[in-house]
Amino acid sequence: KHKKHDNKNRDDKIVIAHRGASGYLPEHTLPAYAMAYALGADFIEPDVVMTADERLICLHDIHLESTTDVEQKFPDRARADGRWYAADFTLPEIETLAVTERTNPDGTRVFPGRFQAEANGFHVPTLRAVIEMVQSLNRETRRDVGIYPETKDPAFHDAEGLPLERKLLDTLAEYGYAGRDANVFVQSFDADNLKEMRSVMGSDLPQIQLIEGSGDAFDAMVTPDGLDEIATYADGIGPDKNRIADTDGALVSQAHQRGLKVHPYTFRADQLPAGTRRLEDELRLYYHRYDVDGLFTDFADIAVGVIHPG
Ligand code: G3P
Ligand code: CA
(Lines give C-alpha, C1' and ligand atoms only; values in the text may rest on other atoms or scores of the structure.)
(Ligands and ions follow the chains in the order given, each with its own letter.)
Protein backbone atom coordinates (compact mmCIF):
# COMPACT_ATOMS: atom_id res chain seq x y z
CA LYS A 1 0.00 0.00 0.00
CA HIS A 2 1.28 3.43 -0.89
CA LYS A 3 2.37 5.50 2.07
CA LYS A 4 0.42 8.72 2.07
CA HIS A 5 2.71 11.63 1.45
CA ASP A 6 2.13 14.66 3.61
CA ASN A 7 3.70 17.65 1.95
CA LYS A 8 3.11 19.76 5.01
CA ASN A 9 5.75 17.65 6.71
CA ARG A 10 8.68 19.35 5.05
CA ASP A 11 11.04 16.59 6.21
CA ASP A 12 9.46 14.17 3.74
CA LYS A 13 11.56 13.36 0.72
CA ILE A 14 9.65 13.66 -2.53
CA VAL A 15 9.47 12.14 -6.00
CA ILE A 16 8.82 14.72 -8.75
CA ALA A 17 7.52 13.24 -11.99
CA HIS A 18 9.56 15.13 -14.59
CA ARG A 19 7.20 16.03 -17.49
CA GLY A 20 4.90 13.28 -16.14
CA ALA A 21 5.92 9.64 -16.49
CA SER A 22 7.97 10.79 -19.44
CA GLY A 23 10.19 7.70 -19.42
CA TYR A 24 7.11 5.74 -20.54
CA LEU A 25 4.68 8.06 -22.34
CA PRO A 26 5.03 11.28 -24.37
CA GLU A 27 6.07 14.12 -22.09
CA HIS A 28 3.58 16.72 -20.89
CA THR A 29 0.43 14.82 -21.85
CA LEU A 30 -2.50 14.00 -19.61
CA PRO A 31 -1.85 10.24 -19.91
CA ALA A 32 1.80 10.79 -18.90
CA TYR A 33 0.74 12.84 -15.88
CA ALA A 34 -1.94 10.29 -14.95
CA MET A 35 0.58 7.47 -15.20
CA ALA A 36 3.00 9.36 -12.96
CA TYR A 37 0.18 9.79 -10.47
CA ALA A 38 -0.60 6.08 -10.59
CA LEU A 39 3.08 5.19 -10.15
CA GLY A 40 3.08 7.04 -6.83
CA ALA A 41 4.76 10.35 -7.59
CA ASP A 42 4.43 13.04 -4.93
CA PHE A 43 4.49 15.90 -7.43
CA ILE A 44 3.59 16.20 -11.10
CA GLU A 45 5.82 18.56 -13.10
CA PRO A 46 4.25 20.64 -15.88
CA ASP A 47 6.45 23.09 -17.75
CA VAL A 48 4.24 26.08 -18.58
CA VAL A 49 4.09 28.39 -21.60
CA MET A 50 1.42 30.80 -22.85
CA THR A 51 -0.60 30.88 -26.05
CA ALA A 52 -1.54 33.91 -28.16
CA ASP A 53 -4.93 34.01 -26.45
CA GLU A 54 -3.27 34.01 -23.03
CA ARG A 55 -4.02 30.44 -22.04
CA LEU A 56 -1.48 28.39 -20.10
CA ILE A 57 -0.43 25.13 -21.70
CA CYS A 58 1.97 22.40 -20.62
CA LEU A 59 4.94 22.23 -22.94
CA HIS A 60 8.70 22.06 -22.45
CA ASP A 61 9.68 24.36 -25.29
CA ILE A 62 8.34 27.78 -26.26
CA HIS A 63 8.17 26.26 -29.76
CA LEU A 64 5.72 23.60 -30.82
CA GLU A 65 7.65 21.64 -33.45
CA SER A 66 9.82 19.58 -31.07
CA THR A 67 6.88 17.61 -29.71
CA THR A 68 3.89 18.20 -32.03
CA ASP A 69 2.95 17.91 -35.69
CA VAL A 70 2.58 21.70 -36.06
CA GLU A 71 4.82 21.74 -39.15
CA GLN A 72 2.39 19.49 -41.01
CA LYS A 73 -0.80 21.18 -39.75
CA PHE A 74 0.35 24.81 -40.04
CA PRO A 75 3.22 24.82 -42.60
CA ASP A 76 3.02 28.59 -43.17
CA ARG A 77 3.06 29.74 -39.55
CA ALA A 78 6.77 29.56 -38.69
CA ARG A 79 8.58 32.76 -37.83
CA ALA A 80 11.60 33.93 -39.81
CA ASP A 81 13.84 31.76 -37.64
CA GLY A 82 11.99 28.67 -38.83
CA ARG A 83 10.28 27.96 -35.51
CA TRP A 84 6.60 27.63 -34.62
CA TYR A 85 6.07 29.57 -31.38
CA ALA A 86 3.22 28.65 -29.07
CA ALA A 87 2.82 32.39 -28.52
CA ASP A 88 1.62 32.73 -32.15
CA PHE A 89 -1.16 30.15 -31.83
CA THR A 90 -4.49 30.20 -30.06
CA LEU A 91 -5.48 27.39 -27.73
CA PRO A 92 -8.13 26.08 -30.19
CA GLU A 93 -5.38 25.85 -32.82
CA ILE A 94 -3.00 24.08 -30.46
CA GLU A 95 -5.73 21.65 -29.48
CA THR A 96 -5.80 20.41 -33.09
CA LEU A 97 -2.17 19.28 -32.86
CA ALA A 98 -1.04 15.73 -32.20
CA VAL A 99 1.78 15.27 -29.73
CA THR A 100 4.78 13.46 -31.19
CA GLU A 101 7.78 11.84 -29.57
CA ARG A 102 10.72 14.11 -28.83
CA THR A 103 13.71 13.55 -31.07
CA ASN A 104 17.42 14.28 -30.69
CA PRO A 105 19.10 16.85 -33.00
CA ASP A 106 20.12 13.99 -35.31
CA GLY A 107 16.48 12.94 -35.73
CA THR A 108 16.66 9.81 -33.60
CA ARG A 109 14.08 9.37 -30.87
CA VAL A 110 15.00 10.25 -27.30
CA PHE A 111 13.19 7.07 -26.21
CA PRO A 112 13.71 4.77 -29.20
CA GLY A 113 12.47 1.54 -27.67
CA ARG A 114 8.93 2.38 -26.68
CA PHE A 115 5.67 2.14 -28.56
CA GLN A 116 4.76 4.60 -31.29
CA ALA A 117 2.62 7.26 -29.68
CA GLU A 118 1.76 9.37 -32.70
CA ALA A 119 -1.39 7.51 -33.64
CA ASN A 120 -2.77 7.36 -30.15
CA GLY A 121 -4.36 10.74 -29.71
CA PHE A 122 -2.04 12.54 -27.34
CA HIS A 123 -2.64 16.29 -27.17
CA VAL A 124 -1.12 19.35 -25.53
CA PRO A 125 -3.02 19.89 -22.26
CA THR A 126 -3.88 23.12 -20.55
CA LEU A 127 -2.54 23.72 -17.06
CA ARG A 128 -6.13 23.83 -15.90
CA ALA A 129 -6.79 20.33 -17.23
CA VAL A 130 -3.74 19.02 -15.40
CA ILE A 131 -4.69 20.63 -12.12
CA GLU A 132 -8.27 19.39 -12.41
CA MET A 133 -7.09 15.85 -13.14
CA VAL A 134 -4.68 15.81 -10.21
CA GLN A 135 -7.29 17.25 -7.85
CA SER A 136 -9.89 14.76 -9.08
CA LEU A 137 -7.47 11.88 -8.54
CA ASN A 138 -6.63 13.23 -5.09
CA ARG A 139 -10.31 13.14 -4.14
CA GLU A 140 -10.61 9.62 -5.54
CA THR A 141 -7.52 8.18 -3.86
CA ARG A 142 -7.41 10.40 -0.77
CA ARG A 143 -3.82 11.22 -1.60
CA ASP A 144 -2.39 14.72 -1.71
CA VAL A 145 -0.24 14.81 -4.83
CA GLY A 146 1.01 18.28 -5.66
CA ILE A 147 1.94 20.14 -8.80
CA TYR A 148 5.32 21.66 -9.56
CA PRO A 149 4.91 24.16 -12.46
CA GLU A 150 7.90 25.78 -14.19
CA THR A 151 7.64 29.18 -15.84
CA LYS A 152 9.38 28.63 -19.18
CA ASP A 153 11.41 31.51 -20.59
CA PRO A 154 9.70 34.38 -18.75
CA ALA A 155 11.83 36.96 -20.61
CA PHE A 156 10.46 35.73 -23.94
CA HIS A 157 6.88 35.93 -22.69
CA ASP A 158 7.53 39.39 -21.30
CA ALA A 159 8.88 40.56 -24.67
CA GLU A 160 5.75 39.15 -26.33
CA GLY A 161 3.51 41.02 -23.88
CA LEU A 162 2.20 37.75 -22.45
CA PRO A 163 1.56 37.69 -18.67
CA LEU A 164 2.85 34.19 -17.96
CA GLU A 165 3.57 34.47 -14.24
CA ARG A 166 0.50 36.59 -13.41
CA LYS A 167 -1.75 34.04 -15.07
CA LEU A 168 0.05 31.15 -13.37
CA LEU A 169 -0.41 32.65 -9.91
CA ASP A 170 -4.05 33.53 -10.63
CA THR A 171 -4.75 30.02 -11.88
CA LEU A 172 -3.11 28.41 -8.87
CA ALA A 173 -5.09 30.68 -6.54
CA GLU A 174 -8.31 29.82 -8.33
CA TYR A 175 -7.70 26.14 -7.62
CA GLY A 176 -6.98 26.75 -3.95
CA TYR A 177 -3.20 26.76 -3.89
CA ALA A 178 -2.35 29.42 -1.34
CA GLY A 179 0.26 30.11 1.28
CA ARG A 180 3.43 28.52 2.56
CA ASP A 181 1.92 25.05 3.00
CA ALA A 182 0.27 24.82 -0.42
CA ASN A 183 0.98 21.54 -2.14
CA VAL A 184 2.85 23.26 -4.93
CA PHE A 185 6.32 24.43 -5.86
CA VAL A 186 6.74 27.17 -8.46
CA GLN A 187 10.10 26.80 -10.24
CA SER A 188 12.11 28.82 -12.73
CA PHE A 189 15.65 29.19 -14.06
CA ASP A 190 14.96 32.95 -14.14
CA ALA A 191 15.84 34.56 -10.81
CA ASP A 192 14.17 37.85 -11.73
CA ASN A 193 10.96 35.99 -12.46
CA LEU A 194 10.97 34.32 -9.04
CA LYS A 195 11.77 37.64 -7.35
CA GLU A 196 8.91 39.31 -9.20
CA MET A 197 6.40 36.66 -8.16
CA ARG A 198 7.54 36.85 -4.52
CA SER A 199 8.15 40.56 -4.07
CA VAL A 200 6.07 42.37 -6.67
CA MET A 201 3.13 39.99 -7.00
CA GLY A 202 3.23 39.02 -3.33
CA SER A 203 3.15 35.28 -3.83
CA ASP A 204 4.02 33.26 -0.75
CA LEU A 205 3.82 29.92 -2.56
CA PRO A 206 7.00 27.82 -2.19
CA GLN A 207 9.51 28.71 -4.92
CA ILE A 208 12.49 26.83 -6.34
CA GLN A 209 15.45 28.42 -8.13
CA LEU A 210 16.57 26.10 -10.92
CA ILE A 211 20.33 26.06 -11.59
CA GLU A 212 21.85 24.86 -14.83
CA GLY A 213 25.00 22.78 -14.87
CA SER A 214 27.13 25.56 -16.38
CA GLY A 215 27.14 29.30 -17.11
CA ASP A 216 28.47 32.25 -15.15
CA ALA A 217 25.14 33.34 -13.69
CA PHE A 218 24.41 29.82 -12.48
CA ASP A 219 27.97 29.30 -11.21
CA ALA A 220 27.45 32.40 -9.05
CA MET A 221 24.27 30.92 -7.58
CA VAL A 222 26.11 27.99 -5.98
CA THR A 223 28.59 30.18 -4.10
CA PRO A 224 27.90 31.05 -0.43
CA ASP A 225 26.84 34.56 -1.47
CA GLY A 226 24.67 33.17 -4.25
CA LEU A 227 22.87 30.79 -1.91
CA ASP A 228 22.37 33.61 0.61
CA GLU A 229 20.74 35.64 -2.14
CA ILE A 230 18.49 32.76 -3.26
CA ALA A 231 17.31 32.34 0.33
CA THR A 232 15.85 35.86 0.16
CA TYR A 233 13.32 34.93 -2.55
CA ALA A 234 13.10 31.14 -2.79
CA ASP A 235 12.59 28.08 -0.63
CA GLY A 236 14.96 25.78 -2.41
CA ILE A 237 17.20 25.07 -5.34
CA GLY A 238 16.74 22.72 -8.27
CA PRO A 239 20.26 22.17 -9.54
CA ASP A 240 21.55 20.06 -12.38
CA LYS A 241 22.46 16.89 -10.50
CA ASN A 242 26.10 17.13 -11.60
CA ARG A 243 26.54 20.19 -9.41
CA ILE A 244 25.86 17.94 -6.42
CA ALA A 245 28.05 15.06 -7.56
CA ASP A 246 30.87 17.47 -8.43
CA THR A 247 30.89 18.76 -4.84
CA ASP A 248 30.37 15.28 -3.35
CA GLY A 249 27.18 16.60 -1.78
CA ALA A 250 28.65 19.76 -0.23
CA LEU A 251 26.17 21.90 -2.17
CA VAL A 252 23.29 20.12 -0.41
CA SER A 253 24.61 20.86 3.07
CA GLN A 254 25.41 24.46 2.14
CA ALA A 255 21.83 24.90 0.93
CA HIS A 256 20.38 23.18 3.99
CA GLN A 257 22.38 25.50 6.24
CA ARG A 258 20.39 28.33 4.68
CA GLY A 259 17.07 26.57 5.01
CA LEU A 260 16.89 25.79 1.30
CA LYS A 261 15.44 22.54 -0.05
CA VAL A 262 17.41 20.73 -2.75
CA HIS A 263 15.63 19.07 -5.69
CA PRO A 264 18.13 18.07 -8.42
CA TYR A 265 17.26 17.10 -12.01
CA THR A 266 17.04 14.89 -14.09
CA PHE A 267 17.26 11.18 -13.30
CA ARG A 268 16.78 8.74 -16.17
CA ALA A 269 17.23 5.00 -16.42
CA ASP A 270 18.63 5.34 -19.93
CA GLN A 271 21.20 8.03 -19.04
CA LEU A 272 23.20 6.71 -16.12
CA PRO A 273 26.56 8.12 -15.10
CA ALA A 274 29.66 6.11 -15.96
CA GLY A 275 30.09 3.25 -13.52
CA THR A 276 26.45 3.22 -12.37
CA ARG A 277 24.52 0.11 -13.45
CA ARG A 278 20.99 0.85 -12.28
CA LEU A 279 18.90 3.97 -11.75
CA GLU A 280 18.07 2.71 -8.24
CA ASP A 281 21.75 2.99 -7.31
CA GLU A 282 22.01 6.57 -8.55
CA LEU A 283 18.78 7.51 -6.72
CA ARG A 284 19.99 5.97 -3.45
CA LEU A 285 23.22 7.94 -3.74
CA TYR A 286 21.32 11.22 -4.04
CA TYR A 287 18.51 10.55 -1.58
CA HIS A 288 20.58 8.89 1.12
CA ARG A 289 24.24 9.88 0.82
CA TYR A 290 23.76 13.39 -0.56
CA ASP A 291 20.51 13.82 1.43
CA VAL A 292 18.53 15.68 -1.22
CA ASP A 293 14.92 16.53 -0.35
CA GLY A 294 13.50 15.33 -3.63
CA LEU A 295 14.41 14.86 -7.26
CA PHE A 296 13.05 15.12 -10.77
CA THR A 297 12.86 11.80 -12.58
CA ASP A 298 11.34 10.44 -15.80
CA PHE A 299 10.86 7.11 -13.99
CA ALA A 300 8.72 7.93 -10.95
CA ASP A 301 8.09 4.27 -10.16
CA ILE A 302 11.78 3.56 -9.61
CA ALA A 303 12.20 6.57 -7.33
CA VAL A 304 9.06 5.61 -5.39
CA GLY A 305 10.55 2.14 -4.90
CA VAL A 306 13.67 3.70 -3.45
CA ILE A 307 12.23 6.39 -1.19
CA HIS A 308 8.69 5.18 -0.37
CA PRO A 309 9.21 1.37 -0.22
CA GLY A 310 6.25 -0.70 0.94
O1 G3P B 1 12.53 21.85 -13.97
C2 G3P B 1 13.53 20.95 -13.61
C3 G3P B 1 13.93 20.32 -14.85
O4 G3P B 1 12.75 19.93 -15.47
C5 G3P B 1 14.63 21.32 -15.72
O6 G3P B 1 14.84 20.79 -16.91
O7 G3P B 1 14.65 21.35 -19.24
O8 G3P B 1 13.41 19.40 -18.33
O9 G3P B 1 12.65 21.69 -17.83
P10 G3P B 1 13.81 20.82 -18.13
CA1 CA C 1 11.07 21.57 -16.08
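This is a predicted model: local features need pLDDT of at least 70, side-chain atom pairs count only at pLDDT 80 or more; totals for chains, interfaces and linings use all residues.

Q: OK, which residues of α7 are buried, then?

A: Helix α7 runs over residues 191-200, and N193, L194 and M197 are buried there. They sit on the same side of α7 because they cover an arc of only 100° around the axis.

Q: Why would residues three or four places apart point the same way?

A: An α-helix has 3.6 residues a turn, so residues with that spacing point the same way.

Q: And what do the buried residues of α7 pack against?

A: They pack against the helices α5 (154-159) and α6 (164-174), plus the strands β6 (150-151), β7 (186-188) and β8 (207-211).

Q: What happens just after α7?

A: G202 takes a positive phi there, about 75°.

Q: Switching to α1: which of its residues are buried?

A: In α1, residues 30-39, the buried ones are A32, Y33, M35, A36, Y37 and L39. Their cover includes β1 (14-18), β2 (43-45), α4 (127-141) and α13 (300-307). Just after α1, G40 has a positive phi of about 105°.

Q: Now the ligand. Which residues are around ligand 1?

A: H18, D47, H60, E150, Q187, L210, G238, Y265, T266 and F296.

Q: How does that shell split by class?

A: Around ligand 1 there are 5 polar, 3 nonpolar and 2 charged residues.

Terms used: Residues are numbered from 1 along each chain as its sequence is written. Chains are lettered from A and ligands numbered from 1 in the order in which they are written. A residue is near a molecule or strand if its C-beta atom, placed from the backbone, lies within 6 Å of it. Ala, Val, Leu, Ile, Met, Phe, Trp, Tyr, Cys and Pro count as nonpolar, Asp, Glu, Lys and Arg as charged, and the others, Gly among them, as polar. A residue is buried if 20 or more other C-beta atoms lie within 10 Å of its own, exposed if 12 or fewer, and partly exposed in between; C-beta atoms are placed from the backbone. Helices (H or I, at least four residues) and strands (E, at least two) are DSSP runs, numbered from the N terminus. The arc is that of the directions from the helix axis to the C-beta atoms. Two residues are in contact if their C-beta atoms, placed from the backbone, lie within 7 Å.
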